[in-house]
Amino acid sequence: MSGRALLMWDEAVTGYDFGSEHPMDPVRLALTMGLVRAYGLDRAVDVVAAKPAGDSTLRLVHREDYVAAVRAASVQPRAADQAYGLGTVDDPAFAGMHEVSALIAGQSVGAAEAVWRGEAAHAVNFAGGLHHAMPGSASGFCIYNDASLAIARLLELGAERVAYVDVDVHHGDGVQAAFWEDPRVLTISLHEHPRTLFPQTGWPEETGAAGAGEGSAVNVALPAGTGDAGWLRAFHAVVPELIADFRPQVLVTQHGADTHFEDPLAHLAVSLDAQRAVQTACHELAHAHVDGGKWVALGGGGYAVVDVVPRSWTHLVGIAAHAEIAPESVIPSSWRDEVYARTRQSGPARMTDGRWPVGWRDWEEGYDPADRLDQAVLATRRAVFPLRGLLA
């Protein structure tokens, strides 16, 4: 297996553009790639572009009539069929929507194929992670569910155990739905509690379809306001034990940056430094529990498009490349100039929020039944762990 990591990148993914009033500004992708280049990480990875996902690949997850509806809306955006979630406030239709959505999906599928075949141990597609799209509809800024498509392709190639870990602030509902009945896929999502955030799903009691799928879905619903210590405590109280038990052949992770305290669309209070810590933990889990360290890392949400997203995902690329960027690193002035040229904003000066190293208390040290964060963790462990033969 190649020791090099892959970075999936095609400039055309920045055409995934819902318009100037939409929070998912594609400048976040351009600025991330610009920061990757400013640190020279494009020389530490193999930067490759995969072909767009074709219809046969899209149909691994999405219904044929839905793909046809996306194609039609791509040609005539004003005639988009809202019955498919297209042409809505969240998912406005735009010319070329099918093509760029299929291109993003193709990068995640290509990443999965390369890792499965041993062409690289790790692969990153930070343009991906569009985890809300359903088999028959768009949802939550997501047209095609590239994460689900990557996993479905791995299964098609012969994988028998794929673990999916989603740390976006929003529940990974589309991926959970795609594999609700499939025990070959373990989906784990840590997210803000559905009482306070879209998509209002991801309760701890959602554990997979009765029968073979039971125990294959894991949801940690975090109280609004959860910060670094609680977020990391919840992650380490749930994820490592499940991954060690499941022994996946590939680990797929989604790293939405919208858990950050500056994100305008959610209510967690996580720092860039804690995001980096979880990225590092996912990397370590891949090496510890997956043969060959097979790891596919995706982007996701994130709407603080200058201050947060580029730094978070550049850290992710560095970790996957085994070329980590020190948190205290001063950001190259060339990138800050690019930020100003593109946005007329001033970019951040360092690769940290000043909270590194981030401290947290291990679950094994005991829990407080009156603490809301501990209640959330305990609810998840009690709902899922016994189904998997583990102690809650």
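**Exercise 1. What span should the 13 residues of helix 11 have, and how far apart are its end C-alpha atoms?**

This is a predicted model, in which local features need pLDDT of at least 70, side-chain atom pairs count only at pLDDT 80 or more, and totals for chains, interfaces and linings use all residues. Residues are numbered from 1 along each chain as its sequence is written, and side-chain values use heavy atoms, with hydrogens and water left out.

Step 1. Helices (H or I, at least four residues) and strands (E, at least two) are DSSP runs, numbered from the N terminus. Helix 11 covers residues 372-384.

Step 2. The expected span of a helix is 1.5 Å times one less than its number of residues.

**Exercise 2. Describe the protein chain as a whole.**

Step 1. The secondary structure of the protein chain amounts to 11 helices and eight strands.

Step 2. The radius of gyration is taken over C-alpha atoms, and the globule rule is 2.2 Å times the number of residues to the power 0.38. For 392 residues, a compact globule would have a value near 21 Å; the protein chain has 19 Å, which agrees.

Step 3. Along the principal axes, the C-alpha atoms fill a box of roughly 55 × 50 × 45 Å.

Step 4. Of the 392 residues in the protein chain, 60% are buried. Among contacts with a separation of 6 or more, 77% join residues 24 or more positions apart.

**Exercise 3. Where does A286 lie, and is A286 buried or exposed?**

Step 1. A286 belongs to helix 8 (residues 272-289).

Step 2. The relative accessible area of A286 is 0%, so A286 is buried.

Step 3. Leaving aside neighbours within four places in sequence, A286 is in contact with L251, G293, K294 and W295.

Step 4. Between A286 and H170 there are 116 residues of sequence separation and, C-alpha to C-alpha, 23 Å in space.

**Exercise 4. Locate the backbone features at P199, P357, F141 and Q200.**

Step 1. Most residues other than glycine have a negative phi, and most peptide bonds are trans.

Step 2. The peptide bond from F198 to P199 is cis, with omega near 5 degrees. P199 sits in the loop between strand 5 (185-192) and strand 6.

Step 3. The bond from W356 to P357 is a cis peptide bond, with omega near -5 degrees. The loop between helix 10 (333-343) and helix 11 holds P357.

Step 4. F141 has a positive phi, near 75 degrees, and lies in the loop between strand 3 (122-125) and helix 5 (146-156). With a relative accessible area of 10%, F141 is buried.

Step 5. Q200 has a positive phi, near 60 degrees, in the loop between strand 5 and strand 6. Its relative accessible area of 44% makes Q200 partly exposed.

Methods:
Buried means under 20% relative accessible area, exposed over 50%, partly exposed in between (1.4 Å probe, protein chains only). Contact means heavy atoms within 4.5 Å.
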